[in-house]
Amino acid sequence: MPSYDDDLPTSEEEILLKQLTENCEEQQQRIRTIIEVKNLVIGSKRCKTAFYRVGTVDRLFNLLQEFSSLNNQINEPLIEIIDCISSFAKSNNKNIVNRLIELGCIQQLFSLISSRNDSIQLCESSLRCLRSFFLPKSSMITFSKVDYTNPFLTPIPFVLLCDQDAHKPPSLITQTPKLVQLISFEQYSPIEILFEIPQSLDILLHLLTISKSAQLSIVEILCCLCVNNERQQQLIEKNFITAISHLLVQNIYDKQQYSQHQNSKICSMNLTNEYLIGVCLKFLCSLCYENSSIAQQLHNTTSTETNQTLCEIISNLLTKNYRPIVISYYASKFFVNLCKTKVLSADHPSVALESLSTLIHLCTKSNLNKCVYLHIECLDTLIYLLNGNNTLHKNATYTEQLLNKLFTYIFTPSKILDEQIDELILVQVRSSALTLLAVLSSYDEDIKKRIADKDNLIATAIDSYRSSHVSLQLAALRLFHGLSRSVHQLRTTFNDTICDILLDAIKSSNLEIVKISSCVISNIVLEFSTCRTRLLNGGILDILLAFLTHTDHDLCINSIWALRNLSYLSTLKIKQDIINGLTIDRIYSLLEQCTDEQFLICLLSLLRNFFDEKDTNILLTMFNEEKLLNTLQLLREKTHPEEIQRELNTLIDHLNSSNDSLQQRLSTDSVNSSCRTSLFPECN
């Protein structure tokens with residue numbers, strides 16, 4: 001038996017490994033040696049690490065090159081070598097995977113399948129090996145045991161949205177996500193290497209027809225290539241929509257044919273069809289993720305086999321009585337992605353009825369112990385769908401089913417999760433549940449109350465912030481952010497403990513925590529909030545003023561928006577403190593030079609709040625009334641969006657009409673507008 005006390009090969013293993021490099025005339029002996037090595041490394045972390053340390057990876061690659069160059073077309077040793085390399089490529093040891101990539105394994109495999117594509121078995125083995133380079137690694141990604149997610153998609157930051165947002169954050173829509181390094185491999189990117197290989201996509205497209213095994217590997221690889229809009233477009237240009245749509249329809253039809261047979265045993269071919277349907281749907285979801293042009297193209301795609309649109313075909317998968325959970329999940333996610341790219345409206349039946357109800361069912365009814373990773377994905381997909389689509393919130397909470405399950409995830413996840421489940425999984429489930437509650441609490445007042453009134457929820461959220469897990473800290477702050485968009489909650493739920501948490505979070509070294517806490521603070525500094533005095537005593541004004549020059553754009557906007565809310569119906573002293581902190585010269589400089597529309601809107605709104613009827617005369621002497629009016633008039637003569645022009649007109653009219661109380665209490669300055677979003681002003 002091999003020793004597990006260290007990470008070097010045993011003496012017996014060393015003898016076996018030496019045989020890999022010996023020139024043995026007996027071909028079968030070399031094959032047997034390769035098979036023995038393969039059997040040792042498959043499923044053994046120790047053997048992979050130990051064998052790597054003595055150069056086995058390099059030896060295997062040399063053997064791959066040697067047998068690839070032979071003209072005898074004998075494929076058996078090649079297949080065994082490739083299967084052995086494939087096992088090494090699945091390792092969560094990045095040094096092993098990096099070494100394989102550095103040696104040129106990916107390029108060698110593509111060269112092999114392009115020159116020997118007449119051997120189906122060799123192509124299948126090579127494609128499985130290629131796929132191994134793209135699989136999530138268990139030490140790096142939570143969803144390692146079941147690959148329900150696509151870890152290669154460029155992530156977008158979470159920002160709590162609502163339908164009244166006049167703008168979306170640039171990081172979500174207007175900026176094309178940059179390519180991120182894959183699964184933490186600092187030096188090598190399998191995806192970049194694949195795109196650098198001439199005709200690599202053409203080779204994959206050609207091999208789609210050879211077998212179902214090849215199809216599974218190829219489509220999984222294609223999913224991983226959809227890292228950003230640029231890569232998605234490259235796949236579109238190779239006509240993969242047509243190829244994968246055909247594959248999807250073909251397997252749906254085959255599955256239906258097999259389902260008609262009344263057999264007591266599950267047909268293995270039928271199961272393979274299910275896998276292929278799921279992975280094809282996964283690819284289509286990855287292809288249109290945050291890409292409106294491709295989403296529209298998919299929406300317009302019609303199958304030549306059935307004369308149905310692709311949307312109709314996928315919708316039918318959601319209306320069947322028997323729906324495998326993976327197929328149900330990806331079919332739902334497809335319509336979610338079409339909705340988030342504005343190709344489908346939130347009230348479209350495929351979104352509001354089929355996808356939403358399916359995702360809720362998967363979160364609440366399925367056997368959680370068997371598919372906890374998928375449940376987390378469903379929670380996150382619901383967050384993605386419902387964030388900013390408040391018309392769906394009442395549908396999602398029409399019964400207590402979803403809310404009760406979310407409360408269970410947060411309070412007593414051990415009741416529904418396996419006792420042996422990893423702690424990080426528990427943290428992720430609770431984080432996702434808290435974030436989904438934050439989304440659901442962000443708009444409708446009745447839902448806010450149902451959530452906030454739940455026994456121990458606020459106390460649990462406070463404890464979550466105090467945990468050592470950043471994901472739980474963020475989720476707790478998001479819940480406070482959602483609840484802070486309510487006058488009633490600001491007066492009842494927010495207490496001194498939450499204020500102290502926010503004062504702590506705003507000073508965090510984690511920028512994401514600072515940004516979310518600034519969102520909450522932007523709302524709870526309003527005049528009717530019970531938190532304003534405690535936050536001011538905690539030095540929040542100086543912190544907000546300092547953030548105005550921060551390099552992060554969103555944090556700058558949050559800060560000026562918070563100052564705007566802080567000045568609303570505030571005392572003369574608070575207004576003077578804000579003005580002295582900003583300085584008159586800086587205010588004039590910003591009015592004359594600011595090119596950021598969002599910042600300018602907030603600044604003009606801040607000035608409106610300064611000059612209410614009781615303080616106008618006192619504060620105007622600080623600004624020099626004539627200079628201020630001239631500056632505003634020059635600003636009005638420039639070309640600006642309608643909202644800025646409206647702010648300018650109202651402010652100028654107010655300064656010119658000190659006797660008109662209606663002008664002084666500005667129509668666009670509503671409490672609800674202030675509370676709904678802390679990121680951007682809203683157009684009325």
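Helices H8 and H11 are roughly parallel to each other, a term applied to angles under 35 degrees. By class, the contact of H8 with H11 has five nonpolar, two polar and four charged residues; Ala, Val, Leu, Ile, Met, Phe, Trp, Tyr, Cys and Pro count as nonpolar, Asp, Glu, Lys and Arg as charged, and the others, Gly among them, as polar. The structure is a predicted model, in which local features need pLDDT of at least 70 and side-chain atom pairs count only at pLDDT 80 or more, while totals for chains, interfaces and linings use all residues. Residues are numbered from 1 along each chain as its sequence is written, and side-chain values use heavy atoms, with hydrogens and water left out.

Two packed helices are described by the angle between their axes and the distance between the axes. For H8 (residues 120-132) and H11 (residues 212-225), the angle is about 25 degrees and the axes lie 9 Å apart; axes are lines fitted to C-alpha atoms over the stretch in contact, and angles run from 0 to 180 degrees between N-to-C directions. On the H8 side, Glu124, Leu127, Arg128, Leu130 and Arg131 meet Ser213, Ala214, Ser217, Ile218, Glu220 and Ile221 of H11, contact being defined as heavy atoms within 4.5 Å.

The protein contains 39 helices and zero strands, where helices (H or I, at least four residues) and strands (E, at least two) are DSSP runs numbered from the N terminus. Of its 684 residues, 56% count as buried, that is, under 20% relative accessible area with a 1.4 Å probe and protein chains only. The largest nonpolar core has 223 residues, of which Phe133 and Phe283 touch the most other members. Helix H19 (residues 372-386) supplies the largest share of this core, 11 residues. Such a core is a set of buried Ala, Val, Leu, Ile, Met, Phe, Trp, Tyr and Cys residues joined through side-chain atoms within 4.5 Å. Residues up to four places away in sequence aside, Phe283 touches Val219, Leu222, Cys223, Cys226, Leu235, Phe240 and Ile244.

Threonine 358, in helix H18 (residues 349-364), counts as buried because its relative accessibility is 3%. Threonine 435, in helix H22 (residues 423-440), is likewise buried, with a relative accessible area of 4%. Not counting residues up to four places away in sequence, threonine 435 touches Phe158, Ile383, Ala475 and Arg478.

Key: Buried means under 20% relative accessible area, exposed over 50%, partly exposed in between (1.4 Å probe, protein chains only). Angles under 35 degrees count as roughly parallel, over 145 as roughly antiparallel, 65 to 115 as roughly perpendicular and the rest as oblique.
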